[in-house]
Amino acid sequence: MQLPAHSRREVIEDLLDIQIFSTMNTLLKEKISKNKSDILDVDYRIDLINNKIELAEKHLITLRTNNDELIKAKMDMIDELNDRIHEQTLIIDTTTTQLTELETSIVDSKKVLSRKNKLVNMEGELEKKVAKFKKEIKFFHDHDNCPTCKQGIDHNFKDEWIDKRTKKSDEISDAMSKIEHQIEIVETRLNEITAINRQITELNSQITNINADIRSWQNSIKTLNEEIKSIQNNTVAIDNGNEDIDEYKKNLKITKTQKEDLIYHKNILEVSSVLLKDTGIKTKIIKQYIPIMNKLINKYLAAMDFFVQFELDESFNETIKSRHRDDFSYASFSEGEKMRIDLSLMFTWRAIAKLRNSASTNLLIMDEVFDSSLDAGGTEEFIKILESLTQDTNTFVISHKGDQLFDKFHSVIKFEKHSNFSRIAA
């Protein structure tokens with residue numbers, strides 16, 4: 001119970017033997033990353049092959065012209081590509097500056113989100129107080145006599161009490177209105193931050209696309225320079241050019257088929273990702289066991305004469321109601337009451353593990369449970385629970401209160417210290 005909610009979930013997942021889904025999700029993320037990288041690589045190869053086909057076809061046409069004209073055309077293409085590279089480089093510089101400005105404008109995103117969470121929490125606490133005051137006001141409106149001692153309640157006292165609670169409730173309501181106004185301001189800022197983040201993503205995507213174009217153009221320039229050098233030395237046969245184009249087209253068809261396979265695999269991975277998230281299969285399984293867990297916990301609490309309503313939600317946050325159904329937290333109880341809750345949880349996890357077939361044992365060892373903060377009443381009820389366990393359960397209780405518990409168990413083994421060694425007493 002002293003663990004945070006996410007750590008409790010990890011314990012329950014291990015208990016229900018569903019940690020395998022977390023492992024599968026980790027492996028799936030690696031596959032998704034590799035799939036994405038493979039798709040980018042295939043796209044790059046398709047662009048490269050298309051460029052090669054385009055260049056090869058142009059090359060075949062130019063082979064039929066004068067070498068000087070051919071070289072001039074290729075030089076013009078190089079100049080054009082260099083101009084494109086220069087223009088796109090300037091765009092990248094401008095976009096990078098814009099990105100820096102946008103990122104600087106949202107450096108407060110974490111603080112704004114934290115402030116929103118604090119305001120929401122404050123609003124929730126105030127709502128609880130208002131509900132409490134309304135409940136107290138209703139009680140004094142509806143009762144003229146004390147339900148416990150049956151004595152009459154003084155009307156002046158009632159009026160004074162109701163007036164105080166009403167004023168406090170109004171004050172809190174005013175405070176909640178101010179908090180709601182602050183939340184609206186924060187949400188407006190968060191919407192602005194979200195919009196800016198969307199712009200940042202779009203700009204980064206533009207830069208990535210531009211860099212891909214620049215790499216493609218640089219490769220084309222390198223190819224053109226090599227072709228100019230080849231033309232200056234000798235004339236390449238047109239038939240060889242046609243063979244190259246046919247080979248490029250064959251490679252292009254194969255590469256496009258590979259991309260189709262990768263896209264199909266990507267869709268499968270995305271569906272699998274939805275299933276393996278915390279909100280997927282694991283949540284479905286946990287939802288089935290939460291009611292059983294709550295029922296068993298309350299059963300063992302009642303068996304130990306501790307009449308509270310204990311419930312865990314799907315996020316494994318606890319709700320504990322006691323007395324007049326007031327809400328309590330685990331930290332609100334005494335150490336003895338906490339021990340009763342802990343023991344109830346322990347028996348519940350043992351029962352769930354056995355039910356789930358993730359663990360089943362006929363051995364139960366309780367080390368110094370009776371020597372801790374468990375009170376006399378809790379001790380008696382706990383012994384009754386131990387006696388109610390099935391006959392195939394071998395229970396061992398280790399305790400320093402042997403004299404007090406001697407008559408509570410069927411058999412007793414006593415140990416004593418002898419020369420700094422423990423041994424069974426004669």
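1. Let's start with a salt bridge: Asp76 pairs with Lys72, the closest N and O atoms being 3.3 Å apart (the criterion is a side-chain nitrogen of Lys or Arg within 4 Å of a carboxyl oxygen of Asp or Glu). The two sit four residues apart in helix H3 (residues 67-105), so about one helical turn separates them; helices here are DSSP runs of H or I, at least four residues, and strands are E runs of at least two, numbered from the N terminus. With a relative accessible area of 37%, Asp76 is partly exposed, while Lys72 counts as exposed at 53% (buried is under 20%, exposed over 50%, partly exposed in between, with a 1.4 Å probe and protein chains only).

2. Some housekeeping: this is a predicted model, where local features need pLDDT of at least 70, side-chain atom pairs count only at pLDDT 80 or more, and totals for chains, interfaces and linings use all residues. Residues are numbered from 1 along each chain as its sequence is written, and side-chain values use heavy atoms, leaving out hydrogens and water.

3. On accessibility, Asp108 is partly exposed at 24%, as is Glu192 at 41%.
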